[in-house]
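Subject: Structure handover

Hi,

Here is the structure we talked about. Please open it alongside this email. My notes follow below.

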Amino acid sequence: MAFTLPDLPYAKNALGFISENTLSFHHDKHFKTYVDTANKLAAGTEFENASLETIIKGAKGPLFNNAAQAYNHAFYFNCISPKAVEIPANLKHAIEKAFGSVENFTSEFVKSAAGNFGSGWTWLVQTKDGSLKIVNTSNAGNPLTDDLKPLLTVDVWEHAYYLDYQNRRPDYLKDFVAHINWDFVASNFK
Ligand code: MN
């Protein structure tokens, strides 16, 4: 069974802070290449019929990289909303418990993502004991390999923001946190 490239959950011109041009390259070229390459690499191996999660937890090297990038991009695009989304109460309480306030969380998240050196991802995750924390991963890294449950992610590879923000990653991040799809984040939270 091959993985398919999911459509973006919004129109390419709907976000404002990320341009249609960026979304065209990011979704139609970068994301598609990861999906196609993961399919090619999984074919004929023990992972041919495995889920992306299973591949992420079990594979190494190029198959891990491409499957994780396929998972990470699908997850990332779902984390963004064209319109402001109110944060559901149960998630709000958990974030307040872990970070003091939602504002403090977004500020810590932006700080962590701004400081994530090179290419990678910054995540809000839930640990085995149910608590929340922010983690950075490099390159294709995904928290599932550390038994952490992804709730929210931002892509800090330059291809995610360079056409719109050039080197101003912190500005991209400030706009990103104003467009978080909290309903999606809450749907991952148990
Ligand atoms: Mn990307």
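At what angle do helix H5 and H7 pack, and how far apart are their axes? The angle is about 145°, and the axes lie 10 Å apart. Before going on, note that this is a predicted model.

**H5 and H7**

H5 covers residues 102–114. H7 runs over 169–177. The crossing of H5 past H7 is right-handed. On the H5 side, the contact uses Thr-106, Phe-109, Val-110, Ala-113 and Ala-114. Their partners in H7 are Arg-169, Pro-170, Leu-173, Lys-174, Phe-176 and Val-177. Sorted by class, the contact of H5 with H7 has eight nonpolar residues, one polar and two charged.

**H1 and H3**

H1 spans residues 20–42. H3 spans residues 61–78. These two helices pack at about 140°, with axes 8 Å apart. That angle makes H1 oblique to H3. H1 passes H3 in a left-handed crossing. Residues of H1 in the contact include Leu-23, Phe-31, Tyr-34, Val-35 and Leu-41. Both His-26 and His-27 of H1 take part too. From H3, the contact includes Pro-62, Leu-63, Asn-66, His-73, Tyr-76 and Phe-77. By class, the contact of H1 with H3 counts 14 nonpolar and seven polar residues, with no charged ones.

**Asn-39**

Asn-39 also sits in H1. Is Asn-39 buried or exposed? Its relative accessibility is 18%, so Asn-39 counts as buried, the cut-off being under 20%. The Asn-39 side chain reaches the backbone nitrogen of Phe-3 at 2.8 Å. Leaving aside residues up to four places away in sequence, Asn-39 touches Ala-2 and Phe-3.

Most residues other than glycine have a negative phi. Two residues here are worth a look on that point.

Asp-147 has a phi near 60°, a positive value in a residue other than glycine. Where is Asp-147? Asp-147 lies in the loop between strand S2 (132–138) and strand S3 (149–155). Its relative accessible area is 45%, so Asp-147 is partly exposed.

Gln-166 has a phi near 50°, again positive in a residue other than glycine. Gln-166 belongs to the loop between helix H6 (162–165) and helix H7. With a relative accessible area of 34%, Gln-166 is partly exposed.

Best wishes

Definitions and conventions: Residues numbered from 1 in each chain as written. Predicted model: local features only at pLDDT ≥ 70, side-chain atom pairs only at ≥ 80, totals over all residues. Heavy atoms only, no water. Helix = DSSP H or I, 4+ residues; strand = E, 2+ residues; numbered from the N terminus. Buried < 20%, exposed > 50% of the residue type's maximum accessible area, 1.4 Å probe, protein only. Polar contact = N/O pair within 3.5 Å; in protein donor to acceptor, adjacent residues only side chain to side chain. Contact = heavy atoms within 4.5 Å. Axes fitted to C-alpha atoms, helices over the stretch in contact; angles between N-to-C directions. Parallel < 35°, antiparallel > 145°, perpendicular 65-115°, else oblique. Left-handed = near helix turned anticlockwise from the far one by under 90°. Nonpolar A, V, L, I, M, F, W, Y, C, P; charged D, E, K, R; others polar.
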